[in-house]
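Please examine the sequence and the structure shown below. The paragraphs that follow lead through selected parts of the structure in turn.

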Amino acid sequence: MIELKSVDQRYGGTQILWDLNLNIKKGSRTCIMGRNGVGKTTLLKVIMGMLPISGGSLTINNKDAAKASVEARPEMGIGYVPQGRHIFPQLTVEENLKVSLNCKRQTSKTIPEHVYELFPVLKEMLHRRGGDLSGGQQQQLAIGRALVLNPEVLILDEPNEGIQPNIVQLIRDVLLKLNKEQGMTIILVEQKLPFARAIGEEFILMEKGHVMSSGPMAQLTDELVGQYLAV
Ligand SMILES: Nc1ncnc2c1ncn2[C@@H]1O[C@H](COP(=O)(O)OP(=O)(O)OP(=O)(O)O)[C@@H](O)[C@H]1O
């Protein structure tokens, strides 16, 4: 459902992504891995339409998405949880969640109850300012905000950075539930191997803007880990 063919991307004169090919299937769980600075976030931003590509093609549900703006992504059924969460600190939890309701895809003007069922703390803290929440609560808010639009694909950039273990477990359980019960496609950038193995059915290993290896998670050998992930 998301396909990249020979994609190149540049920041000014510096090429970051090189001849990148990727085919994300509907209902799959894919984990993108690699050391710091290899281009994982850049790849997600390309899929999100936040960065233009300088070569190749990007299609979403067989439609050319290379020139479609980031604002068009929710209508295409894509939800995004950025690195660093990017919640609005001055707005309440409820107001943060309602930000998504302004999007055209959303016909209802209320927050779907399942968001609170998945993350009960959001209901408890509905009137608390986003900036006053803990890191783990903010991450639940960031994921909840993306889920308000009932996306078909959920893209997450290192959701566990600086999060305590019980919340990491909750996020893992929520992602697996969304995938298994709703068939939601999950694309995850993750550096921590146990979490990547728990979520990913497929892996993609990147280095210096290239995909070096990909396949079923069972084929992610210690040798590949040593070569492309260990620091
Ligand atoms: N706005 C920018 N302008 C120029 N170069 C950038 C910009 N953003 C990122 N880069 C460079 O692009 C490369 C890839 O960065 P990117 O953030 O995609 O890597 P990453 O694999 O997600 O790293 P991390 O795990 O640290 O988040 C890095 O060399 C980075 O310095």
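**A helix and its surroundings**

On one side of helix α6, the residues Pro-165, Asn-166, Asp-173, Lys-177, Lys-180 and Glu-181 are exposed; a residue is exposed if 12 or fewer other C-beta atoms, placed from the backbone, lie within 10 Å of its own, buried if 20 or more do, and partly exposed in between. Helices (H or I, at least four residues) and strands (E, at least two) are DSSP runs, numbered from the N terminus. The model is predicted: local features need pLDDT of at least 70, side-chain atom pairs count only at pLDDT 80 or more, and totals for chains, interfaces and linings use all residues. Residues are numbered from 1 along each chain as its sequence is written.

The buried residues of α6 are Ile-171, Leu-175 and Leu-178. They lie on the same side of α6, because they cover an arc of only 65° around the axis, the arc being that of the directions from the helix axis to the C-beta atoms. Among the elements that cover these buried residues are α5 (135-147), β7 (153-157), β8 (185-189) and α7 (193-199). Just after α6, Gly-183 has a positive phi of about 70°.

Attention now turns to the strands. Strand β1 (residues 2-11) runs antiparallel to β2 (residues 14-24), and seven bridges join them; two strands pair if DSSP finds at least two bridges between them. Tyr-11 stands opposite Thr-14 in β2. These two strands form a hairpin with two residues between them, and Gly-12 in the turn has a positive phi of about 55°. Five bridges also join β1 to the antiparallel strand β4 (residues 55-60), where Leu-58 is the bridge partner of Leu-4.

Note on methods: Two residues are in contact if their C-beta atoms, placed from the backbone, lie within 7 Å.
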